[in-house]
Amino acid sequence: MNDAQGSPQTVLVFGGTSEIAQALLRRLAARRAHTVVLAGRDPVALEAVATRLRVVGVTAVHTVAFEATDTDSHGRLVDDAFDRLGDVDLTLIAFGALGDQAALEADPAAAALLARVNYVAAVSVGLAVAARLRVQGHGNLVALSSVAAERPRRSNFVYGSSKAGMDAFFRGLGDALRGSGARVIVVRPGFVHTRMTAGMTPQPFATTPDAVADTIVRGLETGAETVWAPPILRWVMTVLRHLPAPIFRRLDRT
Amino acid sequence: MRELLTGWGRTAPTAADVIRPATAEEVVAALADGEPRGAIARGLGRAYGDAAQNAGGHVLSTLALGGVEWADEQAGLVRVSGGTSLDSIQRFLVPQGWALPVLPGTRHVTVGGAVAADVHGKNHRVDGSFARHLAQLTLALPDGVHRASPAEDPDLFWATVGGLGLTGVVLDAVLAARPIQTAFVRVATRRAVDLDAVLAGLEEAAGRHRYAVAWIDGMARGRGVVAGGDDALTADLPAAARRAPLARVEGRHLAVPSWLPGAPMPPVAVAALNELRWRRAPSAETTTVEPLERFLFPLDAVDGWNRLYGRSGFVQYQFAVPAHAADLIGTALDRLARAGCAPLLAVLKRFGAADAAPLSFPIPGWTLALDLPAALPGLAVALDGLDELVAAAGGRVYLAKDARLRPDLVEAMYPALDAWRAVKARVDPAGVLTSDLGRRLGLVG
């Protein structure tokens with residue numbers, strides 16, 4: 001069960017090797033989390049994460065193979081994970097791909113694949129998880145979106161549009177789950193220094209997986225529906241969202 | 001019907017199917033219907049945490065199980081149904097010159113809830129907790145109706161007292177009332193300039209009076225107000241009240257408006273209220289005569305006061321420590337203040353002898369209750385640290401109020417937990433009776 005401060009005891013992660021996921025799990029392990037299921041594509045990398053979690057005190061860590069594009073497998077996988085954990089107090093949707101905008105524009109199939117991972121798979125996993133949360137009558141569902149979901153940019157609109165779809169889906173799902181005991185938290189990080197962004201030029205207000213994880217923990221405590229990381233981005237994006245297109249384009253080029 | 005439920009602290013909402021049985025048979029039937037996520041009884045929802053929640057399962061509202069009658073008027077024994085509020089019982093008893101010996105800080109709790117928490121009042125040192133005046137219980141379990149008393153199935157009786165509703169739904173209880181001359185108390189009040197003065201004053205007041213309590217200003221290093229109270233005799237009353245010494249005095253009644261902002265009261269407002277409260281108290285001991293219920297239930301004067309803590313709710317952290325560990329009271333206040341988590345309300349009481357119930361909270365010594373907004377940054381870590389100190393000192397946290405205790409410390413705090421678990425396994429082998437609190441703390445499988 002989650003406690004009064006939103007600390008879960010059992011956690012299910014899709015995209016278990018995500019650095020934000022790992023940073024969050026370390027914090028949850030220091031509070032109440034004792035059982036974790038990590039779902040992901042790379043079994044070796046997942047096992048390495050599992051080992052690190054056992055070291056920081058998580059009693060039981062299980063890993064399961066998860067292929068985002070294989071949506072037919074998701075319902076079964078979610079059911080198995082819930083059956084194994086008993087109740088799932090927190091589910092984290094942390095899988096996703098960033099891609100290279102120029103390469104994606106040149107390769108429609110690759111762009112479609114990215115959209116399938118970031119959006120289609122999130123819909124499929126999200127609905128399967130929501131069905132189980134309704135039955136158990138409680139649980140937090142944390143979805144890692146992005147500030148890129150807020151307004152499309154020339155420099156990353158394939159990724160941004162996939163996150164925009166995913167973001168809208170989880171906000172809607174949160175509304176659908178009202179009264180069910182389950183709660184959805186949409187997390188919108190800015191530029192995060194991770195493997196995924198290595199070599200890229202950091203954007204203003206760049207942050208780290210640890211800082212993002214801290215804001216998520218805070219969101220669990222306060223019962224927030226949307227979490228920005230860093231929090232100032234809420235106000236920055238409120239301004240950017242309303243800028244006239246010519247000005248926004250000029251800013252985007254710089 | 002599925003409803004979203006929280007405790008009085010309004011944290012960690014979960015949804016359950018709420019059933020409203022009106023008879024003992026309906027309660028037993030609801031327990032025996034095979035719901036895989038089990039059931040828990042819920043009365044007036046005054047438990048601060050998740051003790052009366054059962055996510056995804058059944059919650060049995062006991063409020064249709066009401067009623068008070070004399071079981072033996074000569075002996076002062078009343079038979080009450082599990083969903084009866086202590087308020088209704090007092091309304092029945094007081095005009096006839098009787099009162100319940102143990103009343104918690106609100107009269108809006110049911111008998112079932114009072115048993116499940118083994119509630120205590122400001123008179124624990126003299127009168128013990130609720131169980132001391134409980135002669136008999138009739139319980140619903142999945143296999144039918146059971147009787148329990150200190151003589152008949154004492155293991156079940158004592159497991160149910162303080163047992164958080166996990167060993168049966170209280171259908172009815174026989175309670176021993178005590179005779180009273182008036183519905184008033186003589187209250188001796190005085191200020192104490194710091195925590196040492198509060199402790200000394202309370203120790204002295206608890207030795208001299210039936211009721212004793214201290215309010216501590218958690219924002220100002222432990223200064224406080226100590227109050228001791230005793231039953232007022234007819235001769236103590238002002239002339240106007242002497243004609244009807246048992247009449248109920250309706251105090252001013254306030255309600256917290258529903259349009260209140262989502263944020264808790266700002267610390268500056270709390271500090272101002274605390275200042276006012278402290279200044280209003282006399283520096284030299286002053287005795288006044290007050291209606292019993294105003295003295296015992298100060299918070300009942302404000303409907304919905306729990307909403308003052310805003311959208312994220314609050315936790316009430318109440319712990320008890322043996323008398324020799326009184327220094328923990330100052331440590332707790334200091335630590336919270338340093339973490340930026342000064343309590344909005346702090347109440348200190350003295351406990352007398354414990355009863356035989358494995359999960360009953362009171363142990364001889366001190367108990368401190370703190371109201372804290374749940375979402376204060378750093379609070380979770382600060383309270384985890386206090387749990388450890390409390391357990392190491394041989395103390396415990398009040399489970400009926402808990403919403404966040406470290407589960408690994410329950411066994412250290414309640415060393416008789418295994419004895420309780422054995423009774424639970426005997427009377428409810430399928431584990432039908434379960435709750436969010438039971439799951440969270442690992443009390444049930």
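Here is a tour of helix pairs, ring pairs and a few backbone spots.

**Before you start**

This is a predicted model, where local features need pLDDT of at least 70, side-chain atom pairs count only at pLDDT 80 or more, and totals for chains, interfaces and linings use all residues. Residues are numbered from 1 along each chain as its sequence is written, chains are lettered from A and ligands numbered from 1 in the order in which they are written, and side-chain values use heavy atoms, with hydrogens and water left out.

**Stop 1: two helices in chain A**

Select residues 19-31 (helix 1) and 209-222 (helix 7) of chain A: they pack at an angle of about 55°, and their axes are 8 Å apart. Helices (H or I, at least four residues) and strands (E, at least two) are DSSP runs, numbered from the N terminus. The axes are lines fitted to C-alpha atoms, for helices over the stretch in contact, and the angles run from 0 to 180 degrees between N-to-C directions.

That angle is why helix 1 of chain A and helix 7 of chain A are oblique to each other. Under 35 degrees counts as roughly parallel, over 145 as roughly antiparallel, 65 to 115 as roughly perpendicular, and the rest as oblique. Which residues make the contact? From helix 1 of chain A they include A:Ile20, A:Ala23 and A:Leu24, and from helix 7 of chain A they include A:Val212, A:Ile216 and A:Leu220. Contact here means heavy atoms within 4.5 Å.

Colour this contact between helix 1 and helix 7 of chain A by class and you get 10 nonpolar, no polar and 5 charged residues. For the classes, Ala, Val, Leu, Ile, Met, Phe, Trp, Tyr, Cys and Pro count as nonpolar, Asp, Glu, Lys and Arg as charged, and the others, Gly among them, as polar.

**Stop 2: another pair in chain A**

Now pick residues 74-85 (helix 3) and 108-136 (helix 5) of chain A, which pack at about 40° with their axes 9 Å apart. Helix 3 of chain A and helix 5 of chain A are therefore oblique too. Show the side chains of A:Val78 and A:Phe82 in helix 3 of chain A, then A:Val125 and A:Val129 in helix 5 of chain A; these are among the contact residues. By class, this contact of helix 3 with helix 5 of chain A has 7 nonpolar, 4 polar and 3 charged residues.

**Stop 3: over to chain B**

Select residues 327-338 (helix 10) and 379-392 (helix 11) of chain B, whose axes come within 10 Å and cross at roughly 165°. That makes helix 10 of chain B and helix 11 of chain B roughly antiparallel to each other. Zoom in on B:Leu328, B:Ala332 and B:Leu336 of helix 10 of chain B, which are among the residues meeting helix 11 of chain B, where B:Leu383 and B:Leu386 are included.

**Stop 4: aromatic rings**

How many aromatic pairs does the structure hold over all chains? There are 15. Rings of Phe, Tyr and Trp (its six-membered ring) pair if their centres lie within 6.5 Å; planes under 30 degrees apart count as stacked, over 60 as edge-to-face and the rest as tilted.

Are they buried or exposed? A:Phe169 and A:Phe170 are both buried. Buried means under 20% relative accessible area, exposed over 50%, and partly exposed in between (1.4 Å probe, protein chains only).

Next, B:Trp8 and B:Trp305 have ring centres 5.9 Å apart and planes at 70°, so this pair is edge-to-face. Both sit in loops of chain B, so the pair ties together parts that are 297 residues apart in sequence.

**Stop 5: backbone spots**

Go to A:Pro230, where the peptide bond from A:Ala229 is cis, with omega near -5°. A:Pro230 is in the loop between strand 7 (226-229) and helix 8 (233-241) of chain A.

A:Phe205 has a positive phi of about 65° although it is not a glycine. A:Phe205 is partly exposed, at 39% relative accessible area.

In chain B, B:Asp153 has phi near 45°, also positive in a residue other than glycine. Look for B:Asp153 in the loop between strand 9 (144-148) and helix 5 (154-160) of chain B.
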